[in-house]
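The sequence and coordinates come first, followed by the findings.

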Amino acid sequence: MALPMTTQLLLLLVWVAAVQAALPRTDLNVCMDAKHYKQKPGPEDTLHEQCSPWKENSCCSLTTSQEAHKDICHLYRFNWDHCGRMEAVRKRHFIQDTCLCECSPNLGPWIQQADQSWSKEQILDVPLCKEDCPCRWEDCHPSYTCKTNWHKGWNCTSGFNQCPVEAACRPFDFYFPTPEALCNEIWSHSYKVSNYSRGSGRCIQMWFDPAQGNPNEEVARFYAEAMNRAGLGGACSLLLCLALTLLWLLS
């Protein structure tokens, strides 16, 4: 029994959507669709302190970069000092993390759809250079926290994050026993420690000297090309199925 034309057209639209979804994101100069981000990356006259390496081509504004450096970051009402005061030598790692996430236009290959009130998109498994996490873990070792995942699960009744009632403040290594655990888990696997070193062109650097250029541009290009090659086979298979569907509809 032949399907109604409307059903046939719906099937066609489903196939078109499937083909589009299979194609990797290839925009290497892009900002996430999320709160506080610029619509498109571009130069800023100045960015505040640790965010300044991105001022030549940035997804963040001066105001955003200033907020990233505050003890209670009003971007997301986040309090770094939720288990007592965090010393500046430790806090600088989290500020740099925020600057990378908010300002970098080179995270396109790892942008995913998100279902969050403050963000339509998020990053997932961004490959960090292996040197960055041990330094961060060693510096943060004496600090205290009460959670493994800082993205969610806080008590926010006061207007900013506080530890849940049942969560005890303990040294960082209680919740993050290894450098990898810290970098991989603290932001819902937004980042993933790689086996690559700085300068390899295969890992994202949180810290870099802007006078030497932005090394993350090359990294994003490499992974986008690799994802394109990996996704081409699947996309071609879907296109073949789409062609067969069209032949069926026209027969």
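## Salt bridges

The model is predicted: local features need pLDDT of at least 70, side-chain atom pairs count only at pLDDT 80 or more, and totals for chains, interfaces and linings use all residues. Residues are numbered from 1 along each chain as its sequence is written, and side-chain values use heavy atoms, with hydrogens and water left out.

One of the salt bridges pairs glutamate 67 with lysine 70 at 2.9 Å, N to O. Glutamate 67 is buried at 15% relative accessible area, whereas lysine 70 is partly exposed at 38%. Buried means under 20% relative accessible area, exposed over 50%, and partly exposed in between (1.4 Å probe, protein chains only).

Lysine 91 and aspartate 81 form a salt bridge at 3.4 Å, N to O. Lysine 91 sits in helix α3 (residues 88–103) and aspartate 81 in the loop between β2 (78–79) and α3, 10 residues apart. Helices (H or I, at least four residues) and strands (E, at least two) are DSSP runs, numbered from the N terminus. Both lysine 91 and aspartate 81 are buried. A network of salt bridges links Asp71, Asp81, Arg85 and Lys91.

Aspartate 97 and arginine 136 also meet in a salt bridge, at 3.0 Å, N to O. This pair connects helix α3 with helix α4 (residues 132–140) across 39 residues. Both aspartate 97 and arginine 136 are buried.

## Disulfides

The structure holds seven disulfides, each a pair of cysteine sulfur atoms within 2.5 Å. Among them, cysteine 31 is joined to cysteine 59 with an S to S distance of 2.1 Å; the link is left-handed, with -95° about the S-S bond. Cysteine 31 is buried at 6% relative accessible area, and cysteine 59 is buried at 0%.

Cysteine 60 and cysteine 103 are bonded with their sulfur atoms 2.1 Å apart. The torsion about their S-S bond is about 90°, so this disulfide is right-handed. Cysteine 60 lies in the loop between α1 and α2 and cysteine 103 in helix α3, 43 residues apart.

Cysteine 140 is buried, with 0% relative accessible area.

Terms used. Salt bridge = Lys/Arg side-chain N within 4 Å of Asp/Glu carboxyl O.
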